[in-house]
Amino acid sequence: MTDLATTQLKTYHPYINGKSWESADQPEQVVVNPYNQQALALVKLATAADIDVAIAAAYEAQKTWGKTLAKEREAILCRAADIIERRRSDIVNILIQEGGNVFGKAMFECDYMVSTFRIAAGQARDVRGETMPADGPGRISMSFRQPLGVIAGVGPFNAPLLLNGKKLAPALAAGNAFLLKPAPQTPLIGLMFAEILEEAGLPPGVFNVLPTTNEALGDKFFSEKRVKMVTFTGSAKVGQYLSELAGKFQKRIVLELGGKSPIVILKDADLEYAVRAAAFGIFFNQGQVCMANSRIVVEEPIYEKFCSAFAEKVRTIRCGDPTDPSTIIGPLINARQCEFIKGQIDDAVSKGATLLTGGEYSKNLFQPSVLINVEPSMAVYNEETFGPLVSIYKAKDYEHALELANDTSYGLSSGIVTNDLQKAFDFALRVEAGSVHINDNSFDDDPNAPFGGFKDSGHGKENGRYSVQDMTELKWVTLQMGERAFPI
């Protein structure tokens with residue numbers, strides 16, 4: 001890009017202590033539309049010194065914010081929800097332009113975020129402890145929940161409004177300050193949160209946005225004692241590294257990591273419904289969804305019919321410009337991801353798998369693709385794809401289907417389509433996944449429900465009161481009525 005083109009772009013800075021933060025030696029990053037590769041904006045990145053300022057600002061601001069009345073936090077979060085609703089078209093445009101989201105997915109994120117902030121507003125009044133029976137005479141035993149202090153969130157690119165907001169809103173509701181490091185591909189949505197919360201009346205310093213480099217950040221969120229918790233959404237590989245840092249520095253951490261989620265389709269399922277459910281569950285947001293059902297397990301009596309019907313359905317899915325409301329599959333976030341998916345397909349086919357449809361890409365648009373005859377020796381069997389590629393597996397019977405569903409190092413979500421209630425609930429109890437959706441695909445999230453995975457898909461739960469529990473300290477308090485009898 002020429003210097004002239006760069007100077008014509010709108011410039012954004014980190015948001016620290018209630019203002020756009022400019023400092024010396026801030027490197028810059030050009031935000032690029034993944035569909036047409038056009039430059040969208042110039043973002044100045046926080047330096048190590050800027051991050052120190054943000055941590056100090058958050059630490060000081062939280063001392064007051066943590067003591068605000070619940071009704072005051074509630075009012076700010078309610079106003080934020082209203083602003084999100086009012087600015088829906090602006091937000092949708094940014095999601096489409098910087099993330100390549102199709103229109104329907106961007107609208108979904110907005111709707112989800114309005115609910116998230118309204119639920120968080122209600123949670124501000126529900127940060128509570130309890131009283132409990134005491135074993136000693138004349139003693140009152142109780143617990144209190146108090147804010148942790150400063151929480152840091154590290155967000156992903158694939159759903160930057162939803163996945164950053166579901167960390168941010170409950171943290172604020174519980175009286176914490178928040179530091180957000182948005183994904184480098186999608187910093188503009190993170191900075192829009194700053195605009196929204198400032199308009200809603202959030203005091204300066206309580207929320208800070210730090211687009212930055214890994215080199216500038218280093219391990220600061222973990223080594224800095226004033227940061228009490230880190231919440232991260234991203235790959236299992238990065239999650240493992242952060243988990244090691246958390247152990248080293250004794251830091252509380254919530255990890256929402258990758259997935260290789262199954263949808264199991266039993267022989268009694270309605271075939272047409274099962275095809276539609278499975279297709280939506282993998283191709284929503286180009287498959288760039290941690291809970292996408294990238295593995296379809298079909299019971300043998302309907303396997304051939306399902307494969308044929310599913311491949312036919314996939315061939316009708318429209319790929320293209322994400323600004324066109326009829327587009328189902330938009331661009332992947334970058335060309336590297338296209339090359340990665342193509343590599344998985346080539347590896348599988350070279351080892352005996354069959355490609356039913358797809359397998360090609362142009363620029364960042366990857367055709368929806370379907371593999372069969374996939375074996376454990378192939379990378380795609382257990383390696384997260386994060387794109388519009390799905391594998392279909394044949395199960396001899398229900399028990400074999402359950403075995404295949406659990407044959408992965410991941411455990412984020414799952415689905416089963418059947419009219420057999422006994423098997424459906426047996427599956428719900430025995431599948432190794434944090435979410436189970438009966439007569440649905442694995443793609444589901446609700447701002448009121450506990451969301452999080454098993455195994456390599458992370459630990460901890462997000463959403464509503466489940467986030468608040470992780471983002472508060474539970475303190476035990478006793479009151480002795482009269483004098484306690486001591487043995488000495």
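**The largest pocket**

Modeller: The lining of the largest pocket counts 41 residues, and F157, F232, G234, S235 and V238 lie nearest its centre. A pocket here is an open set of points on a 1 Å grid over the protein atoms alone, with protein on both sides within 12 Å along at least five of seven lines; lining residues have an atom within 4 Å of a point. This is a predicted model, where local features need pLDDT of at least 70, side-chain atom pairs count only at pLDDT 80 or more, and totals for chains, interfaces and linings use all residues. Residues are numbered from 1 along each chain as its sequence is written, and side-chain values use heavy atoms, with hydrogens and water left out.

The space in the largest pocket comes to about 1,200 Å³. Volume means the space filled by probe spheres set on the grid points, which are joined across faces, edges and corners.

Now the elements. At least two lining residues each come from α8 (214-217), α9 (220-223), β11 (227-233), α10 (236-249) and α13 (335-350). Helix α10 gives the most, six residues. Helices (H or I, at least four residues) and strands (E, at least two) are DSSP runs, numbered from the N terminus.

By class, the lining of the largest pocket holds 21 nonpolar, 14 polar and six charged residues. Ala, Val, Leu, Ile, Met, Phe, Trp, Tyr, Cys and Pro count as nonpolar; Asp, Glu, Lys and Arg are charged; the others, Gly among them, are polar.

Next comes the second largest pocket, with a volume of about 280 Å³. Its lining has 16 residues, and F280, F283, F284, I317 and I328 are the closest to its centre. Helices α5 (103-123) and α11 (271-283) each supply at least two of the lining residues. The largest share, four residues, comes from α11. The classes here are nine nonpolar, four polar and three charged.

A cavity is a set of points where a 1.4 Å probe fits but cannot get out. Six cavities of 30 Å³ or more turn up in a search of the whole structure. The largest cavity has a volume of about 140 Å³. It is lined by 17 residues, with A159, L162, V289, M291 and F443 closest to its centre. Helices α5 and α6 (160-173) are the elements that give two or more residues to this lining. Helix α6 gives the most, with three. Ten of the cavity's lining residues are nonpolar, three polar and four charged.
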